[in-house]
Amino acid sequence: MVSGAPEPASDALILGDQTAEIARVVVEAAPGVEKIPAAERVYAYVKAAILDRVYPGGELLTEGELATAVGVSRTPVREALLRLEESGLVKLYPKKGALVLPVLPQEIEDVLEARELLETHAAAKVWPRRKQLIERLTQRVDEMRAHRKAGDAKSFLEADRAFHEAIVGAAGNEILAKLYNSLRDRQVRMGVPGIEVQPARMDKSIIAHQEMIDALGGNSVKRFRELVVAHIAEAANDLRGAR
């Protein structure tokens with residue numbers, strides 16, 4: 001069960017920008033926190049704590065303890081937990097609480113398969129306007145290099161995620177973009193520890209991302225898609241090895 005209010009570090013959050021900012025405001029009790037809807041505060045706070053493993057898989061969260069931690073009534077807590085259940089992060093048990101779901105081997109396979117389907121589809125969709133993407137993606141890889149040099153694995157993952165979200169977002173399908181973001185949320189819990197203990201993986205990742213940018217500057221969509229598939233396959237191997 002939850003014991004007191006957790007303190008997820010704001011620089012460890014790998015969430016959408018808005019959710020991460022809400023979580024930071026809640027944790028710090030920053031001015032204006034009361035203007036954010038209570039259910040949104042709880043959702044952002046608990047999601048951040050789960051993704052950062054402050055609430056690890058197998059932990060039972062109770063409505064009362066979460067209400068106290070965030071400073072709200074139980075009603076918005078129930079609403080937030082329902083959203084988290086829909087995201088596949090918790091399982092609700094009436095009159096008991098919400099169980100943080102552990103990462104299972106099959107979930108890794110399912111998430112990576114879905115990622116491949118979405119990213120290869122996006123790769124084909126963005127190809128006609130690929131030139132517009134190169135500058136944005138180059139900025140993300142520059143950030144990855146800087147974070148690798150600083151030894152900051154969490155910020156490295158934020159830049160990595162932003163790289164792929166830029167490609168999927170440029171495909172122009174908002175529904176697929178939201179689905180992709182939910183997949184990456186689930187992958188966060190799978191991948192951070194392995195990258196922290198194997199920093200050489202970051203070097204390989206930088207090379208793979210730069211190769212994708214180089215392919216965008218070429219004239220073969222087939223080559224670009226092949227690199228996307230190879231990168232996801234490499235991520236799959238790393239995640240399997242980290243379990």
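Trainee: What pattern does the protein follow when read along the sequence?
Mentor: In this predicted model, the order is α-α-β-α-α-β-β-α-α-α-α-α-α. That pattern comes from 10 helices and three strands.

Trainee: What makes strand 2 and strand 3 a pair?
Mentor: Pairing needs at least two bridges between the strands. Four bridges join strand 2 to strand 3, residues 97-100, so by that cut-off they pair. The two run antiparallel. Valine 90 has valine 100 as its bridge partner in strand 3, and lysine 91 has leucine 99.

Trainee: And how do you know that strand 1 pairs with strand 3?
Mentor: Two bridges join them, again antiparallel. The cut-off is at least two, so strand 1 and strand 3 count as paired. One of the bridges links leucine 61 to alanine 98 in strand 3.

Trainee: What is the strand order in the open sheet?
Mentor: 1-3-2, with antiparallel pairing.

Trainee: Why is one side of strand 1 and of strand 2 left without a neighbour in the sheet?
Mentor: Strand 1 (60-61) and strand 2 (90-93) stand at the edges and each has a single partner strand, so one side of each has no neighbour there.

Trainee: What lies between strand 2 and strand 3?
Mentor: Three residues; the two strands form a hairpin. Lysine 95, in the turn, has a positive phi of about 65°.

Trainee: What is leucine 137 in contact with, leaving aside neighbours within four places in sequence?
Mentor: Phe163, Ala166, Ile167, Ile213 and Leu216.

Trainee: Why is arginine 129 called partly exposed?
Mentor: Its relative accessibility is 33%. Buried means under 20% and exposed means over 50%, so arginine 129 falls in between and counts as partly exposed.

Trainee: Where is arginine 129 found, and what does it touch beyond residues up to four places away?
Mentor: Arginine 129 is in the loop between helix 5 and helix 6, and it touches Ala170, Ala171 and Gly172. Arginine 129 and alanine 171 are 42 residues apart in sequence, yet 9.4 Å apart in space, C-alpha to C-alpha.

Trainee: Zooming out, how much of the protein is buried?
Mentor: Buried residues make up 47% of the 243 residues. The accessible surface comes to about 12,000 Å², and carbon and sulfur atoms account for 52% of that.

Trainee: Among contacts between residues at least 6 apart in sequence, how many join residues at least 24 apart?
Mentor: 72% of them.

Trainee: Last one: what is the mean pLDDT of the protein, and where is the pLDDT below 50?
Mentor: The mean is 84, and 82% of the residues reach 70 or more. Residues 3-16 are below 50.

Conventions:
Residues are numbered from 1 along each chain as its sequence is written. This is a predicted model: local features need pLDDT of at least 70, side-chain atom pairs count only at pLDDT 80 or more; totals for chains, interfaces and linings use all residues. Side-chain values use heavy atoms; hydrogens and water are left out. Contact means heavy atoms within 4.5 Å. pLDDT is the predictor's confidence in each residue, from 0 to 100. Buried means under 20% relative accessible area, exposed over 50%, partly exposed in between (1.4 Å probe, protein chains only). Accessible areas come from the Shrake-Rupley method with a 1.4 Å probe; for residues, only the protein chains shown count as cover.
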